[in-house]
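I opened this notebook to record, entry by entry, what I looked up in the structure.

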Amino acid sequence: MTMVGNAPSGLDWPKWLMFYAAASFAVYGTDAAINHLAFGPRSAIAENALAYTPLIFAPLAVVACLLAFAVPRWRPALAWVTGALAVVVGATGMGIHLLENIENAQEAERALTAFALSGPAALPFFAPAAFAATGIVVLLVGIDARLKRIREA
């Protein structure tokens with residue numbers, strides 16, 4: 001067992017972070033499916049085809065993270081691609097939710113207050129941020145692999 005400082009470093013952290021990311025993307029994808037596939041004339045899918053994005057991305061991200069968990073050789077590439085896409089999906093979702101909330105507040109002739117943009121009647125502005133935050137964790141796995149290669153050179 002190797003030592004890092006005074007602590008043992010026997011755990012393969014990048015591997016287990018990819019497992020964590022797979023579980024997180026599964027949960028976020030399930031949440032997005034529940035909220036985006038709501039039935040009725042005001043469902044997210046009926047209003048905006050971009051609402052399919054997290055429903056398509058989440059299962060692909062789960063598979064990519066599980067592959068990275070199982071195949072160390074593929075881990076760096078899968079981490080870079082999956083992490084970057086997760087950040088883009090999350091940031092785009094936050095932008096779409098914010099713009100929809102602004103539009104809805106203007107239609108209802110409400111002031112553009114923080115409550116109008118993030119209150120109970122608004123789309124969950126920070127929900128897509130979970131994709132971006134997990135994407136950053138996955139990118140750290142790619143960064144770790146790159147730093148290891150630099151140190152070994």
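**Entry 1: the helix α1.** I began with helix α1 (residues 13-36), whose 24 residues should span 34 Å at 1.5 Å a residue, and I found its end C-alpha atoms 33 Å apart, which agrees. The expected span of a helix is 1.5 Å times one less than its number of residues. Helices (H or I, at least four residues) and strands (E, at least two) are DSSP runs, numbered from the N terminus. I then listed the buried residues of α1, which are Pro14, Met18, Ala21, Ala22, Ser24, Phe25, Gly29, Ala32 and His36. Buried means under 20% relative accessible area, exposed means over 50%, and partly exposed lies in between, with a 1.4 Å probe and protein chains only.

**A note on the model.** This is a predicted model, in which local features need pLDDT of at least 70 and side-chain atom pairs count only at pLDDT 80 or more, while totals for chains, interfaces and linings use all residues. Residues are numbered from 1 along each chain as its sequence is written, and side-chain values use heavy atoms, with hydrogens and water left out.

**Entry 2: the chain as a whole.** I noted six helices and two strands in the chain, and along the sequence they follow the pattern β-β-α-α-α-α-α-α. Of the 153 residues of the chain, 35% count as buried. Among contacts between residues at least 6 apart in sequence, 68% join residues at least 24 apart, where contact means heavy atoms within 4.5 Å. The accessible surface comes to about 9,400 Å², and 71% of this belongs to carbon and sulfur atoms; such areas come from the Shrake-Rupley method with a 1.4 Å probe, and for residues only the protein chains shown count as cover.

Entry 3: The buried residues in α3 include Phe57, Cys65, Ala68 and Phe69. Which members of the largest nonpolar core touch the most other members? Of its 19 residues, these are Met18, Phe25, Phe57, Cys65, Phe131 and Val138. At least two residues of this core come from each of α1, α3 (53-70), α4 and α6, and α3 gives the most, with eight residues. A nonpolar core is a set of buried Ala, Val, Leu, Ile, Met, Phe, Trp, Tyr and Cys residues joined through side-chain atoms within 4.5 Å. Leaving out residues up to four places away in sequence, I found that Val138 touches Met18, Ala21, Phe25, Cys65, Ala79, Thr82 and Gly83.

**Entry 4: the salt bridges.** How many salt bridges does a search of the whole structure find? I recorded two, a salt bridge being a side-chain nitrogen of Lys or Arg within 4 Å of a carboxyl oxygen of Asp or Glu. In one of them, Arg75 pairs with Asp12, the closest N and O atoms being 3.6 Å apart. Arg75 lies in helix α4 and Asp12 in the loop between β2 (7-8) and α1, so the pair ties together parts that are 63 residues apart in sequence. Arg75 counts as buried at 8% relative accessibility, whereas Asp12 is partly exposed at 33%. Not counting residues up to four places away in sequence, Arg75 touches several residues, among them Asp12, Pro14, Met18 and Val141.

Asp144 forms a salt bridge with Lys148, and here the closest N and O atoms are 3.3 Å apart. Both residues lie in helix α6, four residues apart, about one turn of the helix. Asp144 counts as partly exposed at 24% relative accessibility, and Lys148 counts as partly exposed at 38%.

**Entry 5: the nonpolar patch.** I found that Trp80, Val81, Leu85, Ile136, Leu140, Ile143, Leu147 and Ile150 form a nonpolar patch on the surface, with about 710 Å² of accessible area together. Patches are made of residues with over 30% relative accessible area and no salt bridge, like charges being joined within 9 Å and nonpolar side chains (Val, Leu, Ile, Met, Phe, Trp, Tyr) within 5 Å. α4 (75-107) and α6 (129-152) each supply at least two residues of the patch, and the largest share, five residues, comes from α6. Leu147 lies in helix α6 and counts as partly exposed, at 39% relative accessibility.
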